[in-house]
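Hi,

Here is the structure I said I'd pass on. Have a look at it first, and my notes follow below.

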Amino acid sequence: MIRQRPSVDRRRAPFRSLAAATLATALVALAVPPPAAAQFEVPGNAVDVTAASAVQARERALADAQQAAARRLMDRLVIPAGGTPPRLSAAQVAALVQDVEIADERVTPVRYMATVTVRFRPDAVRRFLGEQGI
């Protein structure tokens, strides 16, 4: 018994590879964050907090990580320009934070440990610095 191979329309083959290349390029573009976003991300904030409960320890640890990340961000943005970084209140930090990413999380009944990446809202940070005259 002889099997026939399905016929391939050779005229469409270049379009298929062009479509595949276009799709691959689009997926890569979506996967890579824009460079401007990276300057408002502060990775590697290690936290280790003990409190009466794991929930309280986690809340305090995340607040501490956001505060430390805000200080590092202000240092990174303001000091190279010759300025003095402003001190931020907890409310000001909360208004600037876009989101947090938690890695290497470990919890005991009274302790919370993790590495936290904090991302800030670029427009809010620029607005805050402008209000501070920086």
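This is a predicted model: local features need pLDDT of at least 70, side-chain atom pairs count only at pLDDT 80 or more; totals for chains, interfaces and linings use all residues.

Start with helix 3 and helix 5: they are roughly perpendicular to each other (the label covers angles of 65 to 115 degrees). Their axes, lines fitted to C-alpha atoms over the stretch in contact, come within 12 Å and cross at roughly 65 degrees.

Residues are numbered from 1 along each chain as its sequence is written, and side-chain values use heavy atoms, without hydrogens and water.

Where do helix 3 and helix 5 meet? Leu73, Met74, Leu77 and Val78 in helix 3 meet Val125, Phe128 and Leu129 in helix 5 (contact means heavy atoms within 4.5 Å).

Then there's the largest nonpolar core, with 27 residues. A core here is a set of buried Ala, Val, Leu, Ile, Met, Phe, Trp, Tyr and Cys residues joined through side-chain atoms within 4.5 Å. Met74, Leu96 and Val125 are among those touching the most other members, and helix 3 gives the largest share, nine residues. Leucine 96 also contacts Met74 and Val125, among others.

Lastly, threonine 117 sits in strand 3 (residues 111–120). Threonine 117 counts as buried because its relative accessibility is 12% (buried is under 20% relative accessible area, with a 1.4 Å probe and protein chains only). Its contacts beyond four places in sequence include Glu41, Pro43 and Asp99.

Cheers

Note on methods. Axes are lines fitted to C-alpha atoms, for helices over the stretch in contact, and angles run from 0 to 180 degrees between N-to-C directions. Helices (H or I, at least four residues) and strands (E, at least two) are DSSP runs, numbered from the N terminus. Angles under 35 degrees count as roughly parallel, over 145 as roughly antiparallel, 65 to 115 as roughly perpendicular and the rest as oblique. Buried means under 20% relative accessible area, exposed over 50%, partly exposed in between (1.4 Å probe, protein chains only).
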